[in-house]
Amino acid sequence: MMKLLYIVLRIFLLSSTLYGQKCKNFKDEIDPFTSKKTIISSGFSLSGLNIMNAQPDISGQFVLENDSIYLRLNSSLIFSNGSILVPTENSKDMVDIKTNDYIIFKFEGNDKVIKLIPLQASGSLEKVVLGNTYIQSTAKFKITKEELIQFISNKVERSRISKNNENNYFDYVLNSAAKKENVIFASKCFLTALEK
């Protein structure tokens, strides 16, 4: 009962706080064919500056589709024109998110973590633009409203993408206060649209 009261109070405070702010989601509309609401939050980065293509850059968006909430993750590597490094099968494997991969989020001042498993494997796409090669994949992870509130209530401190097994992973530490705030703001705007 206390937990439910806490959630209701958080949503009320969130709605009143964001009332005067400029919340913009990428999409907030009713599908004319299914009459279901579709919401896609603004994007946010979950990785730091990546020099030398050591590991993929990760960005995300919250999505409401078919009455379910998802975290959509984009994983990408960029190979600059003139760089010694060129895409390999290993590069594609780093970017792909498979069904036995998962992502864990840890929050500041909180021992609770969120572990998400992709709904299906994502295959990487490769394209060349102005001599630069881009490899990218997109995966969706189903989340609960309580997990969404966790993203609002606490700043993401770090995330880990585990590849194939526990011993093969990429760690990302969010040192930028602006990036942490972007995750919170996108989460708040998404939840506000969700509650309308």
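Housekeeping, then. Residues are numbered from 1 along each chain as its sequence is written, and side-chain values use heavy atoms, with hydrogens and water left out. As the model is predicted, local features need pLDDT of at least 70 and side-chain atom pairs count only at pLDDT 80 or more, while totals for chains, interfaces and linings use all residues.

Okay, the disulfide, meaning a pair of cysteine sulfur atoms within 2.5 Å. The count comes to one: Cys23 with Cys189, sulfurs 2.1 Å apart. The link is left-handed, with -80° about the S-S bond. Cys23 sits in the loop between α1 (2–18) and β1 (27–30) and Cys189 in α4 (177–195), so the pair ties together parts 166 residues apart in sequence. Helices here are DSSP runs of H or I, at least four residues, and strands are runs of E, at least two, numbered from the N terminus.

Is Cys189 buried or exposed? It's buried, at 2% relative accessibility, whereas Cys23 is partly exposed at 29%. For us, buried is under 20% relative accessible area, exposed over 50%, and partly exposed in between, using a 1.4 Å probe and protein chains only.

Staying on α4: its buried residues include Phe190 and Leu191. Ser176 caps its N-terminal end, a side-chain oxygen lying 3.3 Å from the backbone nitrogen of Ala178.

Last stop, the loop between β4 (57–65) and β5 (68–79), where we find Asn66. Most residues other than glycine have a negative phi. Asn66, though, has a positive one near 50°, and Asp67, also in that loop, has one of about 65°. Asn66 is exposed at 55% relative accessibility, and Asp67 is exposed at 57%.

Definitions and conventions
A polar contact is a pair of N or O atoms within 3.5 Å; within protein, one must be able to donate a hydrogen and the other to accept it, and residues adjacent in sequence count only if both atoms are side-chain atoms.
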